[in-house]
Amino acid sequence: MPEFNIKALNSELRSALQAKIDQKTKPLGALGRLEDLALQIGLIQQSLTLTLVNPTVLVFAADHGLADAGVSAYPQSVTAQMVVNFLNGGAAINVFTSQHGLELFIVDAGVNADLPSHPQLISAKIAKSTRNCLTEPAMTPMQMLQAINTGANLVQQQHNRACNCIGFGEMGIGNTSSAALIMHKLTGIGLEQCAGLGTGLNQQQFNHKLSVLQQVSAQHLVNTPLDALSHVGGFEIAMMVGAFLRAAECRMVTIVDGFIASAALLVASRIKPEVLDYCIFSHVSDEQGHALLLREFNANALLQLNMRLGEGSGIAVCYPLIQSAVNFLTQMASFSDAGVAEKLT
Ligand SMILES: O=C(O)c1ccc[n+]([C@@H]2O[C@H](COP(=O)([O-])O)[C@@H](O)[C@H]2O)c1
Ligand SMILES: Cc1cc2nc[nH]c2cc1C
């Protein structure tokens, strides 16, 4: 496992940031959670002058052997088909990233198909799909480490081209099952609360998914977060673990998407709890386990839109709020600039 040198946010600038926020021409506290965001971003960037440079979404795509067990409403082939859709600009994440000026790259972490080369596609396939964890570990420890390293290196490349704000999306038929299993193994919360309807199972199909997940869980004794990741994870999830850790190490503003991304963050945070200091939680997904998982992080997501898409869509949709937080701190007049009288004491 690579070493990640992640510093917890230190509070040195907290009072100066708070003073700057309070001097803006508004009643004290009137920008609510935008003020909390500005403070967090200031502590991440160790500056009173916030910037968002080359904001980027990386979408990690991979297939899951467990999809063979009938745990999703869609066939495995949809993973590759959606990657092609991303490359053609036709998916929700394309629309929302271009709407808000975010860069978008798709990472082939382990899609079960040969994909065309494309300027937005990063080929980093570990294998064509994980193994079916109903019968064997999803990946070898070597594959897991390769995936973690790849995720970290891809974020490093973004950091090297001055990107200081990043989010991770995913695409992988069957990956709500992997995410639920990871959550269950690491938190002890019952599978019936971790699993959900994913891409849209009916009640009977959900019962089947739950019984498959119970069988999987009984097969794998795991003692560490990395054990859970290799036994029941996915290549896209493992890459996101490395990505979250490196983003925090590089002091990047890191935006968290939905249930699957949060399961990756759970693994990362069990390795380095300080990673959470760098995270902004974009939304609460409609996937059943997500609200409970957010509670594990003590997180209060910015949006509740009943979305359950993945792809990084929550990141793109909440990005303008983060921009507003940065912009009010950098562009609003202070009481003295504007000659506005301050609060009566
Ligand atoms: O991000 C979420 O919270 C989320 C919730 C439900 C489904 N998804 C997406 O749906 C796919 C996984 O669903 P499933 O049913 O195949 O496990 C995968 O491509 C995810 O991006 C994503
Ligand atoms: C069509 C489709 C699009 C998706 N995007 C993320 N997960 C997805 C799952 C499906 C099925």
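A crossing of two helices is left-handed if the near helix is turned anticlockwise from the far one by less than a right angle, and right-handed if clockwise. The views show a predicted model, in which local features need pLDDT of at least 70 and side-chain atom pairs count only at pLDDT 80 or more, while totals for chains, interfaces and linings use all residues. Residues are numbered from 1 along each chain as its sequence is written, and chains are lettered from A and ligands numbered from 1 in the order in which they are written.

**View 1. Helix H10 against helix H11.**
Helix H10 covers residues 235–249, and helix H11 covers 259–271. (Helices, H or I of at least four residues, and strands, E of at least two, are DSSP runs numbered from the N terminus.) H10 and H11 pack at an angle of about 55 degrees, and their axes are 8 Å apart. (Axes are lines fitted to C-alpha atoms, for helices over the stretch in contact, with angles from 0 to 180 degrees between N-to-C directions.) This makes H10 and H11 oblique to each other. (Under 35 degrees is roughly parallel, over 145 roughly antiparallel, 65 to 115 roughly perpendicular and the rest oblique.) The crossing of H10 past H11 is right-handed. From H10, the contact uses Ile237, Met240, Val241, Phe244 and Leu245; from H11, it uses Ile260, Ala261, Ala263, Ala264, Leu265, Val267, Ala268 and Ile271. (Residues are in contact if their C-beta atoms, placed from the backbone, lie within 7 Å.) Sorted by class, this contact of H10 with H11 has 13 nonpolar residues, no polar ones and no charged ones. (Ala, Val, Leu, Ile, Met, Phe, Trp, Tyr, Cys and Pro are nonpolar, Asp, Glu, Lys and Arg charged, and the others, Gly among them, polar.)

**View 2. Helix H5 against helix H10.**
H5 runs over residues 141–160 and packs on H10 at an angle of about 45 degrees, with 7 Å between the axes. H5 and H10 are therefore oblique to each other. H5 passes H10 in a right-handed crossing. On the H5 side the contact is made by Met144, Ala147, Ile148, Asn149, Thr150, Gly151, Ala152, Leu154, Val155 and Gln156, and on the H10 side by Phe235, Ala238, Met239, Met240, Val241, Gly242, Ala243, Leu245, Arg246 and Ala247. The contact of H5 with H10 holds 14 nonpolar residues, five polar and one charged.

**View 3. The shell around ligand 1.**
There are 24 residues around ligand 1, and among them Ser72, Gly198, Gly258, Ser285 and Gly310 come nearest. (A residue is near a molecule or strand if its C-beta atom, placed from the backbone, lies within 6 Å of it.) Strand E4 (165–171), helix H6 (175–187) and helix H11 each provide at least two residues of this shell around ligand 1. H6 gives the most, with three residues. By class, the shell around ligand 1 has seven nonpolar, 12 polar and five charged residues.

**View 4. The shell around ligand 2.**
Tyr74, Val78, Met82, Met171, Thr199, Leu309, Gly310 and Glu311 surround ligand 2. Five residues of the shell around ligand 2 are nonpolar, two are polar and one is charged.

**View 5. The loop between H10 and E5.**
Cys250 sits in the loop between H10 and strand E5 (253–256). Arg251 is found in this loop between H10 and E5 too. Cys250 is buried, because 20 other C-beta atoms lie within 10 Å. (Buried means 20 or more other C-beta atoms, placed from the backbone, within 10 Å of the residue's own, exposed 12 or fewer, and partly exposed in between.) Arg251 counts as partly exposed, with 18 C-beta neighbours inside 10 Å. Arg251 is not a glycine, yet has a positive phi of about 55 degrees. Not counting residues up to four places away in sequence, Cys250 touches Val155 and His159. Cys250 and Tyr278 are 28 residues apart along the chain, and their C-alpha atoms are separated by 9.8 Å.

**View 6. Ile280 in strand E6.**
Strand E6 covers residues 279–281 and includes Ile280. Ile280 counts as buried, with 24 C-beta neighbours inside 10 Å. Leaving aside neighbours within four places in sequence, Ile280 is in contact with Leu37, Val253, Thr254, Ile255, Val256 and Ile322. Ile280 and Thr345 are 65 residues apart in sequence and 35 Å apart in space, C-alpha to C-alpha.

Gln46 lies in the loop between helix H2 (32–45) and strand E1 (56–62). Gln46 counts as exposed, with 12 C-beta neighbours inside 10 Å. Although not a glycine, Gln46 has a positive phi of about 50 degrees. Leu221 belongs to the loop between helix H8 (203–219) and helix H9 (225–232). Leu221 is exposed, with 9 other C-beta atoms within 10 Å. From Leu221 to Ile271 there are 50 residues in sequence and 19 Å in space, C-alpha to C-alpha.

Note on methods. Two residues are in contact if their C-beta atoms, placed from the backbone, lie within 7 Å.
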